[in-house]
Amino acid sequence: MSVLVDNCQVVLSRLLADMGFEDAPLELLEITDDGVALPTHWPITANAVAVLAAVGLAAARLSQLRLGVANPVKVGTHHAGLTMANSSYLLVDGRPAKFRDPFTGFYAAANDRWVFLHGNFSHLRDGVLALLGVTSVEDVAAAVRKHDAFDLEAKGVAAGLCIAAVRTRSEWQAEAQCAALSSLPLIEMARAAGGEARQSTPRDKPLSGLRMLDISRVIAGPMCGRTFAEFGGETLLISGPGLPSIESLVIDTGFAKRSASLDLSKHEDRKRFEALIRDGDVFLDAYRPGSLARRGYGIAELTALRPGLVHVELDAFSRLGPWAHRRGYDSLVQATVGMCWDGTKAPENLPCQPLDYLTGYLCALAAILSIIRRIEHGGSWSSRLSLVRTAEWMWQTYDGLGAQESFPNERMRIEDARDGGLLHTYATDFGTVEALRSALQPSEWRWPAPPLPLGADAAVWLT
């Protein structure tokens with residue numbers, strides 16, 4: 001066994017133990033050392049392999065329970081690393097589709113400090129411009145230099161914007177929010193209420209016949225819904241009218257899903273929404289904390305509508321602490337928790353979005369394990385996860401394994417991924433899409449359905 005595989009096994013073992021997944025069918029697992037893909041000293045590969053393997057093992061265990069058989073789980077270290085930058089390998093009509101507004105990034109502030117501004121959605125970018133008192137993106141850098149980083153962060157948070165003072169790790173550890181996380185496991189999972197599983201007929205996949213209502217946007221939440229569909233579940237993404245989106249991410253996370261639009265301010269749409277909940281199995285809430293609860297769809301109301309529901313909730317900065325309701329995205333959380341800056345040279349984000357992709361797979365793991373526990377013990381099940389808690393898991397991995405000693409200097413090129421057989425091509429409503437193939441399926445496996453534009457389907461279950 002190589003050192004890399006051994007490190008992956010160490011992280012996986014701890015993850016399975018923390019989840020109470022003692023009966024994981026480890027005899028089905030094969031981890032192959034085919035190198036490191038990510039140009040970083042962070043040991044992200046170990047986290048990626050561990051979470052992918054855990055999802056595969058949970059699906060295998062569920063297959064044993066529902067179908068009486070299970071397929072081998074095979075994970076390669078190189079491909080696992082690439083999945084942490086999945087959208088970087090997406091092409092539409094031959095052109096790279098990944099989007100990041102050039103406004104988004106690090107800016108020098110007063111007193112040799114830095115801030116991170118996130119403006120991938122136009123309303124967030126325009127809000128920051130207004131806060132800074134400028135009308136042009138070209139004027140942002142000069143305006144930021146006049147501000148104290150922490151003062152600008154506080155004003156941004158108060159305005160509901162995405163502004164972070166860039167911190168070193170020691171500065172993050174001194175924050176009350178970091179202390180609040182110390183009491184939280186990576187995945188909070190608990191039996192929430194009574195109820196039984198909906199009667200469904202398994203076919204050829206672990207999740208066949210099971211349904212997920214996917215209430216999420218951007219990357220982490222939608223990746224959970226995509227993974228649920230990957231193992232045969234029916235995933236129905238529900239979006240609201242007028243909500244901004246990033247088309248490349250709709251494509252990247254939309255494979256094998258259906259997509260409908262409902263306006264929860266309208267009585268008829270609420271009735272449709274509640275009908276979906278009553279006939280569903282899993283409810284994924286990846287909106288801001290309390291957003292759906294304020295509309296009457298907190299976990300108590302959801303499990304009353306659907307006893308036996310599996311509820312998975314995801315946010316940026318966790319449910320505890322003074323930052324519990326802050327907006328946040330992967331790159332902004334990285335900047336906050338000391339992943340980007342050592343206090344000396346200019347800060348930079350990691351060469352991938354591991355908080356999004358790791359947390360998305362962890363949400364899928366929570367959903368599948370909850371279904372297993374519902375089969376074994378009955379009841380409704382609730383799980384909570386956050387990007388910032390996943391960041392702490394990455395720090396724990398770094399502390400335990402140390403820095404990655406050998407890694408490439410540059411990210412793998414799209415052309416090399418294509419030549420290596422890592423991309424598959426699909427005809428879609430968006431054009432000809434080339435996308436990184438699944439790291440948990442055989443090389444010949446293909447998504448059963450292409451991604452769809454938001455709101456393309458009716459808000460009904462098919463199976």
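This is a predicted model: local features need pLDDT of at least 70, side-chain atom pairs count only at pLDDT 80 or more; totals for chains, interfaces and linings use all residues.
Residues are numbered from 1 along each chain as its sequence is written, and side-chain values use heavy atoms, with hydrogens and water left out.

Helices (H or I, at least four residues) and strands (E, at least two) are DSSP runs, numbered from the N terminus. An open sheet is built from 7 strands in the order E8-E14-E13-E12-E9-E10-E11, with mixed pairing. Its edge strands are E8 (188-193) and E11, each of which pairs on one side only. From one strand to the next the twist averages 20 degrees. Two strands are said to pair if DSSP finds at least two bridges between them. Strands of a sheet pair through backbone hydrogen bonds, either parallel or antiparallel. Within this sheet, E13 (residues 310-315) and E14 (residues 380-386) are parallel and share 6 bridges. In that pairing, Leu314 is opposite Leu385 of E14.

Strand E10 (residues 234-239) contains Ser239. Ser239 counts as buried because its relative accessibility is 13%; buried means under 20% relative accessible area, exposed over 50%, and partly exposed in between, with a 1.4 Å probe and protein chains only. Contact means heavy atoms within 4.5 Å. Leaving aside residues up to four places away in sequence, Ser239 touches Ala260, Ser261, Leu262, Tyr287, Leu454 and Gly455.

Helix H14 (residues 354-377) lies across E8, E9 (211-215), E12 (282-285), E13 and E14, and runs at about 165 degrees to E14. Helix H15 (residues 387-401) lies across E13 and E14, at about 70 degrees to E14. For such angles, axes are lines fitted to C-alpha atoms, for helices over the stretch in contact, and the angles run from 0 to 180 degrees between N-to-C directions.

H15 also packs against helix H2. Two packed helices are described by the angle between their axes and the distance between the axes. For H2 and H15 the angle is about 120 degrees and the axes are 9 Å apart. H2 is therefore oblique to H15, where angles under 35 degrees count as roughly parallel, over 145 as roughly antiparallel, 65 to 115 as roughly perpendicular and the rest as oblique. The H2 and H15 crossing is right-handed; a crossing is left-handed if the near helix is turned anticlockwise from the far one by less than a right angle, and right-handed if clockwise. Here Ile44, Ala46, Asn47 and Val51 of H2 meet Trp393, Met394, Thr397 and Leu401 of H15.

H2 itself covers residues 44-67, and its 24 residues should span 34 Å at 1.5 Å a residue, which agrees with the 34 Å between its end C-alpha atoms. The expected span is 1.5 Å times one less than the number of residues. H2 is mostly covered, with 21 of its 24 residues buried. Gly56 lies in H2 and counts as buried because its relative accessible area is 6%. Apart from residues up to four places away in sequence, Gly56 touches Val73 and Leu440. Gly56 and Tyr361 are 305 residues apart in sequence, but 10 Å apart in space from C-alpha to C-alpha. Just after H2, Gly68 has a positive phi of about 85 degrees.

Further strands pair through E6. E5 and E6 run antiparallel, joined by 4 bridges, and Gly105 has Leu117 in E6 as its bridge partner. These strands form a hairpin with 5 residues between them, and Asn111 in the turn has a positive phi of about 60 degrees. E6 also pairs with E7 (residues 163-165) in the antiparallel sense over 3 bridges, with Phe116 opposite Ala164 in E7.

Two residues other than glycine with positive phi sit in loops. Asp112, with phi of about 60 degrees, is in the loop between E5 (105-108) and E6 (114-117). Asp112 counts as exposed because its relative accessibility is 71%. Ala256 has a phi near 70 degrees and is in the loop between helix H10 (247-252) and E11 (258-261). Ala256 is buried, with a relative accessible area of 18%.
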